[in-house]
Amino acid sequence: MEPTTFVLFGATGDLAKRKIYPALYNLFVDGKLPQSFSLVGLGRREWTDESFRANVEQSLRQFSRREANDAELVKRFVDAFRYCVLDIGRKEDYQKLLRLIEQREEALGAPPNRMFYLSVGPEFFEPIAANIQDSGLGSAQGWKRLVIEKPFGHDLPSARDLNLKLSKAFDEQEIFRIDHYLGKPMVQKLGSLQQANPVIQALWTNRYIANVQITANETVGVEERAGYYDHIGAVRDMFQNHLLQLLMMAAIHLPHDSTSEKVRFKKKKIMEALEPVQKQEVGASVIRGQYEAGTVQGKPVVGYTSEPGIAPDSMNDTFIAARLLIEDSYWRGVPFYIRTGKRLAEKSTRIVVEFKEPIKAASETSEEGATPNLLIFEIGPNEGITLQLNTKDLEHEGEFKPVHIDIDLLGGQDNVPEAYENLIFDALRGDSTFFAHWDEVELSWQWVQPLLDAFEENLIPLHSYAAGSYGPAESDALLAQDGYHWWFDV
Ligand code: BG6
């Protein structure tokens, strides 16, 4: 891997502490960092190199997947870390940063390959990118990359505006938009399972699949993020990005020799084939909800509007369920149901593929008791793939009963890399397969925009649901209209 200087904006922040340092450390322990690697942390706080390193060490002890108790090893890791005080709006600070980076590159004999990781609020993306450009930090001698996190815009116009501004300093192939769901091991396996297995490939069409259910349920509420969440809601926080990415990854058909470009091209095609919803018709396929007081896993909790920092008359969505249709030859007629929400019964991210029952449909002799075949992808917190088949229970007068076959795609590993490790590793290698391309982001906002407008204008009801449930009853009714139900709600 090429020598790299990792320039981290927001080095004193929470994401860096919880995710970025532990991910880098795990890569280091696994021998997956470049031989010549140097990190410059940036923040407003008056830290020194020493206090910075002490903070990083602390974060490793608290959050790293790999043990961080070998002092010698940890020291070797943090030796590559420098800290620089930087005010995002001050041009002179970028000159100071440039000098520091050049010194480091010279000392290490490394070319100016710089990865700028923006672990800061979205309002800072544009000024930072512009200052990187103006200061000469994005040197033409080596490569430069920009890694940013969601939210990428607030709606379609703001996303387009942001993209235009970033594109003045970075080309599309230099921008790595993180969607941490794309880093999850099971999501990364999704495309390849179908790509490498003719049996799955053959089934992956509307001929055999009845519907696909994508769920990202959470037990947590709004936590300390009231100020952010109350302006965002489930639709922007989870649906526009993570869940539409899951839809693309579930629906994708990949040729055997897929390159990063091909994957992104195919994802774009899926988004283009999504049947758009009109603002006036959002209610026919979208359910929005907000949690009321209830009990989550045995603990009583308050309703959303009683949470600290939330307006008592807030109409924000904490739950969304939707039916989406992909108008292409593979998926025409197969509903994709998507739902996500806060304060639900359990934390669970999963995709359930429900198969048709062709023999039953053809013969009209009902196979009493047989349940549909399912392929279940558990994405988190547990990971696994299970195939549900039917067998005859000979002890009970030959009734059908479902059996579950677990498919071990992770090769028995129980200590698998976390999303951020996979993504940072890929960004260091310059592999953009599991990052969101602008086309996908734009098309996602395009699909979501009528929902945002309908929510804003209150064109559809805001249903309430008890904390600790599986969301409003209307979410069940959405599937019942088509003769289905959400699997595994208990
Ligand atoms: C984040 C959202 O992007 O994803 C959070 O902002 C949400 O609101 C989180 O809790 C869920 O991620 P995960 O990996 O725990 O499913």
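**Local features and helix packing in a predicted model**

Glu218 lies in the loop between strand 7 (209-217) and helix 9 (226-229); helices (H or I, at least four residues) and strands (E, at least two) are DSSP runs, numbered from the N terminus. The structure is a predicted model, in which local features need pLDDT of at least 70 and side-chain atom pairs count only at pLDDT 80 or more, whereas totals for chains, interfaces and linings use all residues. Residues are numbered from 1 along each chain as its sequence is written, and side-chain values use heavy atoms, with hydrogens and water left out.

With a relative accessibility of 12%, Glu218 counts as buried. Buried means under 20% relative accessible area, exposed means over 50%, and partly exposed lies in between (1.4 Å probe, protein chains only). Glu218 and Thr340 are separated by 122 residues in sequence, while their C-alpha atoms are 7.6 Å apart in space. When neighbours within four places in sequence are left aside, Glu218 is in contact with Met238, Gly341, Lys342, Arg343, Leu344, Glu346 and Lys347, where contact means heavy atoms within 4.5 Å. The side chain of Glu218 also makes a polar contact with the side chain of Lys342, at 2.9 Å. A polar contact is a pair of N or O atoms within 3.5 Å; within protein, one must be able to donate a hydrogen and the other to accept it, and residues adjacent in sequence count only if both atoms are side-chain atoms.

Arg343, one of the residues in contact with Glu218, is placed in the loop between strand 12 (335-341) and strand 13 (348-355). Arg343 is not a glycine, yet has a positive phi of about 55 degrees. Its relative accessible area is 14%, so Arg343 is buried. A positive phi of about 70 degrees is also found at Phe488, again not a glycine. Phe488 belongs to the segment after helix 15 (473-480) and is partly exposed, with a relative accessible area of 29%.

Cis peptide bonds were examined next. One joins Lys150 and Pro151, with omega at about 5 degrees, and Pro151 sits in the loop between strand 5 (144-148) and helix 6. Another joins Gly380 and Pro381, with omega at about -5 degrees. Pro381 is in the loop between strand 14 (374-380) and strand 15 (384-393).

Two further residues lie in helices. Gln240 is part of helix 10 (residues 233-251) and counts as buried at 6% relative accessibility. Its side chain makes a polar contact with the side chain of Asn241 (3.3 Å). Not counting residues up to four places away in sequence, Gln240 touches Val235, Val441, Ser444, Trp445 and Val448. Arg429 is in helix 13 (residues 419-429) and is partly exposed, its relative accessible area being 43%. The side chain of Arg429 makes a polar contact with that of Asp426 at 2.7 Å. Beyond its neighbours within four places in sequence, Arg429 is in contact with Met1 and Arg145. Arg429 and Lys32 are 397 residues apart in sequence but 9.9 Å apart in space, C-alpha to C-alpha.

Two packed helices are described by the angle between their axes and the distance between the axes. Axes are lines fitted to C-alpha atoms, for helices over the stretch in contact, and angles run from 0 to 180 degrees between N-to-C directions. Helix 2 (residues 49-63) packs with helix 3 (residues 71-78) at an angle of about 130 degrees, and their axes are 11 Å apart. Helix 2 is therefore oblique to helix 3; angles under 35 degrees count as roughly parallel, over 145 as roughly antiparallel, 65 to 115 as roughly perpendicular and the rest as oblique. Helix 2 passes helix 3 in a right-handed crossing. A crossing is left-handed if the near helix is turned anticlockwise from the far one by less than a right angle, and right-handed if clockwise. Helix 2 contributes Arg53, Val56, Glu57 and Leu60 to the contact, and helix 3 contributes Val74, Phe77 and Val78. By class, these residues are five nonpolar, no polar and two charged. Ala, Val, Leu, Ile, Met, Phe, Trp, Tyr, Cys and Pro count as nonpolar, Asp, Glu, Lys and Arg as charged, and the others, Gly among them, as polar.

Helix 5 (residues 125-135) and helix 6 (residues 156-166) pack at about 15 degrees, with 9 Å between their axes, and are therefore roughly parallel to each other. Their crossing is left-handed. The contact involves Phe125, Glu126 and Ala129 of helix 5 and Leu162, Lys165 and Leu166 of helix 6.
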